Amino acid sequence: MNYEFHWNIVFQKMPELLQGAFVTLHVSVLSMLLGIVLAVLLAIAKMNNIKPFSSIATVWVEIARNTPALFQIYMAYFGLGAFGIHLSPYVAVLVALVFVNAGYLVETFRGGFQSIPTTQYHASKSLGMSSYQVYRYIILPQMFRRIYHPMTNQFVWSILMSSLGILVGMSELSGETQRLQSLSFRTLEFFIVAAFMYYVITKLVLFSAAMISKKLFKGEI
Amino acid sequence: MINIQNVHKSFGDLEVLKGINLDVKKGEVLSIIGGSGSGKSTLLYCINAIENIQQGNIIVDGIDVHHKDTNQDKLRQKLGMVFQQWNSFPHLTVLENAALAPRIVSGLSKDEAISIAEKELIHVGLGDKFDVYPTKMSGGQQQRLAIARALSMRPDYMLFDEITSALDPELVGEVLDTLRILREDGMTMITVTHEIAFAREVSDHVAFFHQGVIEEMGTPDEVITNPKKETTQKFLSKVLT
Amino acid sequence: MGSLFTPLSWNDTGFILTGILNTVTISVVAIVVGSILGLIVGFIRSESNKYTNALLGSILDVLRSVPLIIQLILFSTFIGILGYNMNPFVTGSIVLSLYTMAFMSEVFRGGFDSVHGSMEIASRSLGMTYWQTVRYVRFPISLRAIFPSWLGVALSVIKDSALVSVIGYMELLRTSEQLISRTQQPLEILIGVGIFYFVISYPLSLYGKYVERKMAV
């Protein structure tokens with residue numbers, strides 16, 4: 001193999017790569033926060049059959065789960081152009097990620113909620129608790145334990161999927177990697193470093209999630 | 001015949017069998033009684049080589065069970081075992097459960113295997129359940145299936161590990177009846193059991209296990225009706241209340 | 001929107017169909033190869049001691065922690081440097097299959113682990129050899145548990161196949177891109193593409209849910 005590795009160029013550009021990683025992180029965090037808010041609303045609409053929102057929710061969920069993320073991004077970036085809406089790469093990717101996250105999280109929330117036996121509700125009510133108290137002290141805490149792991153996975157998914165920003169010229173980690181390597185022609189070195197950075201970010205996120213869960217959930221589910 | 005000579009068995013640091021000596025002749029029924037943790041189930045698992053032993057010998061029809069050259073898979077064809085939790089195969093019907101091993105282990109043709117399986121299933125009273133899935137049956141029926149499944153391999157010896165302990169009381173009788181039938185057939189059986197009255201009725205010999213050793217052994221009359229050792233008496237008085 | 005499909009000529013339709021065919025082809029290859037490899041690795045992990053398990057686990061972990069698009073770019077760059085001239089289908093298949101394998105191995109491992117050890121003890125007591133217990137008892141039982149998750153991964157692969165366009169493979173989304181740049185009608189074409197993915201994925205996911213419900217009984 002006739003290849004000389006030139007790592008110094010990559011290290012020189014580290015600050016810009018880190019900047020890209022930062023963009024990756026904040027687009028993912030934002031997409032989760034917004035996705036969660038929307039998912040809660042959609043889940044409530046779905047479970048309580050509030051027309052017409054429950055039908056909107058169903059359609060949203062099925063489209064989000066049955067089409068590729070890249071498709072969502074293209075729709076946001078190119079498709080909306082037909083309506084005169086021109087989003088920047090960042091916003092397009094954000095919109096797409098929020099759309100998909102909300103879709104998956106609705107099912108997560110619904111599943112988590114429905115997995116709690118109704119006997120929990122009966123038992124708490126017979127102790128004299130109001131509905132609000134039942135949800136606040138008994139139902140929601142248990143639900144949170146069950147959705148914690150899937151939500152962590154969804155967050156990791158968002159981080160990895162944000163890499164699709166490279167295809168619409170967004171300046172997250174992959175996009176920056178692409179830009180920098182095209183200037184220096186050290187494609188292999190740059191992408192190896194990018195891969196490594198994604199790996200580290202993912203591991204850190206999972207590790208922190210595990211640590212937090214130990215603190216939060218001292219008892220068993 | 002089965003010879004058990006000075007068998008010692010430990011799980012890590014915990015010694016569970018501390019020198020067991022026992023013989024079981026062809027056609028004989030031996031019941032093993034004792035408290036939990038006394039090692040009785042472990043002994044059965046050592047006989048059919050599911051567990052290994054640290055010291056001693058177990059000889060079945062002249063074959064040393066734990067010798068490194070012994071083909072244990074082949075040996076297990078002579079030893080049928082039924083467990084406390086019947087462990088029926090949930091993905092197969094009753095008939096398939098019983099016919100599987102004769103076909104793939106003994107190498108019988110599908111028709112031969114099915115005919116043997118049907119015979120044994122009828123023998124234990126499951127003649128009308130051939131195409132039913134085990135999970136749809138009661139514990140007692142699943143246990144009888146487990147017995148028929150083991151019998152289909154035409155073993156020379158049957159080992160029973162507390163097969164009625166996990167059953168609802170009203171289902172115990174049908175399983176014990178099956179064992180009575182086997183006894184009449186002349187099957188050699190070692191049963192680990194809590195059913196003392198049953199043990200007294202069907203056994204040729206009874207062994208009382210206590211803390212890894214055989215405290216007392218003899219005929220049912222000697223061990224159950226007139227126990228000599230104090231430990232035996234204490235155990236029986238607790239169990240027979 | 002009145003002239004919905006007028007800009008599309010017969011050539012274009014053929015073009016799109018090639019895209020569809022390529023998407024289906026590479027998805028099927030990745031699912032089949034990924035499942036077979038995932039089954040083997042998942043089985044090995046389920047039966048191994050914790051050291052082998054941890055070692056295999058960390059390798060698979062890498063495949064699941066780096067975005068697919070980065071893996072595709074990296075691998076094809078690497079191949080290029082080595083001097084080989086691999087066509088995008090082969091490169092894409094290799095990367096997508098390994099990526100699928102990483103997820104499939106978790107599915108299979110979970111399935112094998114979920115089969116209670118008593119099944120093995122009962123089978124061995126009947127005289128079965130180790131491999132007979134695997135083939136006739138443990139594996140069939142685990143398949144029932146595995147199916148829904150397996151289907152989930154398979155459906156993801158179909159969607160992820162869209163990314164292989166990055167290394168020049170003309171799958172559906174890429175062919176549609178070219179059409180868009182020519183006809184300047186992004187919305188209609190994208191919607192058509194979206195419908196295609198949906199039509200493949202949705203019925204399969206419904207089937208998966210149906211199977212799951214049946215098994216829970």
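Two residues are in contact here if their C-beta atoms, placed from the backbone, lie within 7 Å. By that rule, the meeting of chain A and chain C takes 31 residues from chain A and 27 residues from chain C. On the side of chain A that touches chain C, the elements giving two or more residues are helix 3 (53-66), helix 4 (69-77) and helix 9 (187-216) of chain A. Helix 9 of chain A brings the largest share of that side, ten residues. Helices (H or I, at least four residues) and strands (E, at least two) are DSSP runs, numbered from the N terminus.

A quick word on what you're looking at. This is a predicted model: local features need pLDDT of at least 70, side-chain atom pairs count only at pLDDT 80 or more, and totals for chains, interfaces and linings use all residues. Residues are numbered from 1 along each chain as its sequence is written, while chains are lettered from A and ligands numbered from 1 in the order in which they are written.

Now for chain B. It has nine helices and ten strands, and its C-alpha trace spans about 55 × 45 × 30 Å along its principal axes. With 241 residues, a compact globule would have a radius of gyration near 18 Å, and chain B agrees at 18 Å. That radius is taken over C-alpha atoms, and the globule rule is 2.2 Å times the number of residues to the power 0.38. Of those 241 residues, 45% count as buried: a residue is buried if 20 or more other C-beta atoms lie within 10 Å of its own, exposed if 12 or fewer, and partly exposed in between, with C-beta atoms placed from the backbone. Among contacts in chain B between residues at least 6 apart in sequence, 64% join residues at least 24 apart.

Six strands of chain B make an open sheet with mixed pairing, in the order 6-7-8-3-9-10. Strand 6 and strand 10 (213-218) of chain B are the edges, each pairing on one side only. Two strands pair if DSSP finds at least two bridges between them. Strand 3 (residues 29-34) and strand 9 (residues 205-210) of chain B run parallel over five bridges, and B:Gly34 stands opposite B:Phe209 in strand 9 of chain B.

Helix 5 of chain B packs on this sheet, touching strand 6 and strand 7 of chain B, and its direction makes about 170° with that of strand 6. Axes are lines fitted to C-alpha atoms, for helices over the stretch in contact, and angles run from 0 to 180 degrees between N-to-C directions. Twelve of the 13 residues of helix 5 of chain B are buried, so it is largely enclosed by the rest of the structure. Here are some of the elements that cover its buried residues:

| Element of chain B | Residues |
|---|---|
| Strand 6 | 79-82 |
| Helix 3 | 94-104 |
| Helix 4 | 110-123 |
| Strand 7 | 157-161 |
| Helix 6 | 169-185 |

Back in chain A, there's a core to explore. A nonpolar core is a set of buried Ala, Val, Leu, Ile, Met, Phe, Trp, Tyr and Cys residues joined through C-beta atoms within 7 Å. Of the 174 residues in the largest one, A:Ile73, A:Val93 and A:Ala96 touch the most other members. Helix 5 (residues 89-114) of chain A gives the largest share, 14 residues. A:Ala96 sits in that helix and counts as buried because it has 27 C-beta neighbours inside 10 Å. Leaving out residues up to four places away in sequence, A:Ala96 touches A:Ala69, A:Gln72, A:Ile73 and A:Ala76.
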